[in-house]
Amino acid sequence: MDLEQLNSELDTLRSKTAAAVCDLTSMDEVRRLESQTTGKSGTLGGMLGGIKEYPPQERGQVGETLNQAKGELAALFKNAADRIRSTAAAAEASKASSYDPSLPGARPPLGTFHPVTLVQQQVEDVFQRLGFLVETGTEMETEYYNFEALNIPKLHPARDMQDTFWLTNGKLLRTHTSPVQVQAMERHGPPLRVIVPGRCFRYETIDPSHENTFHQVEGLMIDKHISIANLIAMMKLLLREVFGRDLKVRLRPGYFPFVEPGFELDMSCLICGGDGCGTCKRTGWIEILPCGMVHPNVLRAGRIDPHEYTGFAFGLGLTRLAMMKYGVADIRVLNSGDLRATVPASRFGGPTIVAKD
Ligand code: DAH
């Protein structure tokens, strides 16, 4: 083959290879074609091996031509390899960008509310809709607000009913939420509607229905012409909202120094449905709501004229209410940290929590 023929064959090889590399889609294909073309036993490899058949004076020229062609072919393969690599990288990148950050992630397990918290929220909600303020007061209280301002002077036998944790600083842990009554009167003046949810403490022996730490909600409404009828209507409304149905209630006379007249409001026991059980002491009734008309001495302590204003007050046992609503038979479960005494967030509104015996 003379030089001219060689050049024309190389031209054909170049254009065929240039066309073929365009169709390559993988690195394997590139390597295969490269070895068929410029590899030792490939087309160009064979030509390089045939140099010695040329007359010596032409060999230099032939070698140069073949090497130049080899360089050009190598460039074609390199371009093809680059193209394939960048196509693969782009595909990878577009796969990554198809990740949608707005899609919902893995759901962490939901927390739960304590039954007392749930009932407290519900009571607050009912009274806020009726225009009541929500105050909290403080758990450490003075003897004055916890007792004296509530018409329970020193040495009054009613103090014995409220076994008190006295503190070394002369104060005490509030035994009820009633101390906030006079504080609210002083702070806001009449007319006044306020509820006070909060934790209270008593130096009690613990049993299935007594705890040394429990929750109450105090309620106070003061205005001109407030009567017992307003009190009863409000209490019935509260129980209906909390239990989702009308409940049987009864009023008995009750003595509390800060109300006159004072009552015990009972509702039918939800644990036994009124038949009598351990929780209701076999009576079928649960004492849920001591209440009454605010004593004139208490109004006076709050700088309110008892001739001009009257009011009612109640002290709702929030812990007991939660036990009734969620079917907790033993009060000790509520402060035990037992997670079964929580209400799964997905089941707000009607689950039953059964206490261990
Ligand atoms: N503070 C009382 C207690 O813990 C409960 C109570 C009774 C509150 C009558 C009142 C009320 O507001 O009118 O035992």
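## Ligand surroundings

A polar side-chain atom of Arg202 lies 2.8 Å from an oxygen atom of the ligand. For Gln216, the corresponding distance from a polar side-chain atom to a ligand oxygen atom is 2.9 Å, and for Gln181 it is 3.3 Å. A polar contact is a pair of N or O atoms within 3.5 Å; within protein, one atom must be able to donate a hydrogen and the other to accept it, and residues adjacent in sequence count only if both atoms are side-chain atoms.

The ligand has 16 residues around it, of which His176, Ser178, Arg202, Gln216 and Glu218 come nearest. A residue is counted here if one of its heavy atoms lies within 4 Å of the molecule.

## Basis of the values

The model is predicted: local features need pLDDT of at least 70, side-chain atom pairs count only at pLDDT 80 or more, and totals for chains, interfaces and linings use all residues. Residues are numbered from 1 along each chain as its sequence is written, and side-chain values use heavy atoms, with hydrogens and water left out.

## Helix α8

Helix α8 comprises residues 228–243; helices (H or I, at least four residues) and strands (E, at least two) are DSSP runs, numbered from the N terminus. Its 16 residues reach 23 Å from the first C-alpha to the last, close to the 22 Å expected, where the expected span is 1.5 Å times one less than the number of residues.

The buried residues of α8 are Leu231, Met234, Met235, Leu238, Leu239, Val242 and Phe243. Buried means under 20% relative accessible area, exposed over 50%, and partly exposed in between (1.4 Å probe, protein chains only). Seen down the axis of α8, these buried residues fall within an arc of 145°, so they line one face of the helix; the arc is that of the directions from the helix axis to the C-beta atoms. Just after α8, Gly244 takes a positive phi of about 70°.

## Strand β9 and its partners

Strand β9 (residues 285–294) has seven of its 10 residues buried, so the strand is largely enclosed by the rest of the structure. Eight bridges join β9 to strand β8 (residues 259–268) in the antiparallel sense, with Leu265 and Leu289 as bridge partners. Three bridges join β9 to strand β10 (residues 310–317), also antiparallel; here Met293 is partnered with Phe312. Two strands pair if DSSP finds at least two bridges between them.

## Cysteines

The whole structure contains zero disulfides, a disulfide being a pair of cysteine sulfur atoms within 2.5 Å. Cys200 is buried at 0% relative accessibility, and its sulfur is 17 Å from the closest cysteine sulfur, in Cys291, too far for a bond. Cys22 is exposed, with a relative accessible area of 56%.
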